[in-house]
Amino acid sequence: MQLFARMYDTTLAWARHRHAPRYLTLMSAAESVVFPIPPDVMLAPMSLAKPKSWWRYALLCTLGSVAGGLLGYMIGHFALDLVWPWIVRMGWQPAFENIQALFLEHGLLFVFIAAFTPIPYKVFTIASGSLGVGLLPFVVGSVLGRGARFFLVAGLMAWGGPKFEPMLKRYIEWLGWLMVGLVIVGLVWLEMRG
């Protein structure tokens, strides 16, 4: 089954589209609230397609993600009761409750880690707002974590350049399933802490 290879080919085509920076920014914002696919899948091919613009793409991705994160924060702060049935239906309730406990214990450091890792960021944004995590620590942790992640991904792709693309395409299935595995391990770890 070539799930990730097909997705990679599709995002590579999107990455070369003239509106790709807008799509990337919107995808980054949506992923921080509801969208299930991380923006890295579009950021990486865009940085490969136009290596000189890697820093611009990483910046757009970071700004879009933080803006979406702020929307998630506001949803958690002002409308948690409205979205709670959806959180339960999606099966995120145990992870959400464990994340709340970790936020209370670790604060800003946890926001940074949540922003940097492949664990679904949307759960962290809504949990931050629902817990009343300070807006400034939330924004600082999000900018640092998301920025570090996206600049690292884009920078590595630009550095590797066109010679890196065949290797990435060769191992994309393995890398995709590795990311899925890391997310599952992270969620199991959160579940075991609770």
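The model is predicted, so local features are reported only where pLDDT is at least 70 and side-chain atom pairs count only at pLDDT 80 or more, whereas totals for chains, interfaces and linings use all residues. Residues are numbered from 1 along each chain as its sequence is written, and side-chain values use heavy atoms, with hydrogens and water left out. The chain has eight helices and zero strands, where helices (H or I, at least four residues) and strands (E, at least two) are DSSP runs numbered from the N terminus. Of its 194 residues, 44% count as buried, a term that stands for under 20% relative accessible area, with exposed meaning over 50% and partly exposed the range in between (1.4 Å probe, protein chains only).

**Overall layout and annotated spans**

- Read along the sequence, the elements follow the pattern α-α-α-α-α-α-α-α.
- The unreviewed UniProt entry places the feature "transmembrane region" at residues 57-80, 101-121, 133-159 and 171-190; UniProt positions are given in the numbering used here, feature names are shortened, and annotations may be inferred rather than shown by experiment.
- In the model, residues 57-80 are 100% helix and 0% strand, and the end C-alpha atoms of this span lie 32 Å apart.
- Residues 133-159 are 93% helix and 0% strand, with end C-alpha atoms that are 37 Å apart.

**Helix α4, a bent helix**

- Helix α4 (residues 54-89) has 36 residues, yet its end C-alpha atoms are only 38 Å apart, short of the 52 Å that a straight helix would reach at 1.5 Å a residue; the expected span is 1.5 Å times one less than the number of residues.
- α4 bends by about 105° at A79, the bend being the angle between axes fitted to the seven residues ending there and the seven starting there.
- Just after α4, G91 takes a positive phi of about 80°.
- L70 has its place in helix α4 and counts as partly exposed, at 28% relative accessibility.
- The C-alpha atoms of L70 and T125 are separated by 7.2 Å, although these residues are 55 residues apart along the chain.

- The 14 residues of helix α5 (residues 93-106) should span 20 Å at 1.5 Å a residue, and the end C-alpha atoms are 20 Å apart, which agrees.
- The buried residues of α5 are A95, F96, N98, I99, L102 and F103.
- They cover an arc of only 165° around the axis, which puts them on the same side of α5; the arc is that of the directions from the helix axis to the C-beta atoms.
- On the other side of α5, L104 and E105 are exposed.
- An α-helix has 3.6 residues a turn, so residues three or four places apart point the same way.

**Salt bridges**

- Two salt bridges are counted, each defined as a side-chain nitrogen of Lys or Arg within 4 Å of a carboxyl oxygen of Asp or Glu.
- In one of them, the side chains of R146 and E31 meet at 2.5 Å, N to O.
- This pair links distant parts of the chain, with R146 in helix α8 (residues 135-193) and E31 in helix α2 (residues 20-31), 115 residues apart.
- Both R146 and E31 are buried.
- D40 forms a salt bridge with R149, the closest N and O atoms being 2.6 Å apart.
- D40 lies in helix α3 (residues 40-49) and R149 in helix α8, so the pair ties together parts that are 109 residues apart in sequence.
- Both D40 and R149 are buried as well.

**Nonpolar core**

- The largest nonpolar core has 21 residues, and those with the most contacts inside it are I87, F96, I99, F103 and F124; such a core is a set of buried Ala, Val, Leu, Ile, Met, Phe, Trp, Tyr and Cys residues joined through side-chain atoms within 4.5 Å.
- The elements that give two or more residues to this core are α4, α5, α6 (108-116) and α7 (121-131).
- α7 gives the most to this core, with five residues.

- L24 lies in helix α2 and is buried, with a relative accessible area of 0%.
- L24 and A58 are 34 residues apart in sequence and 9.5 Å apart in space, C-alpha to C-alpha.
- S47 is found in helix α3 and is likewise buried, with a relative accessible area of 0%.
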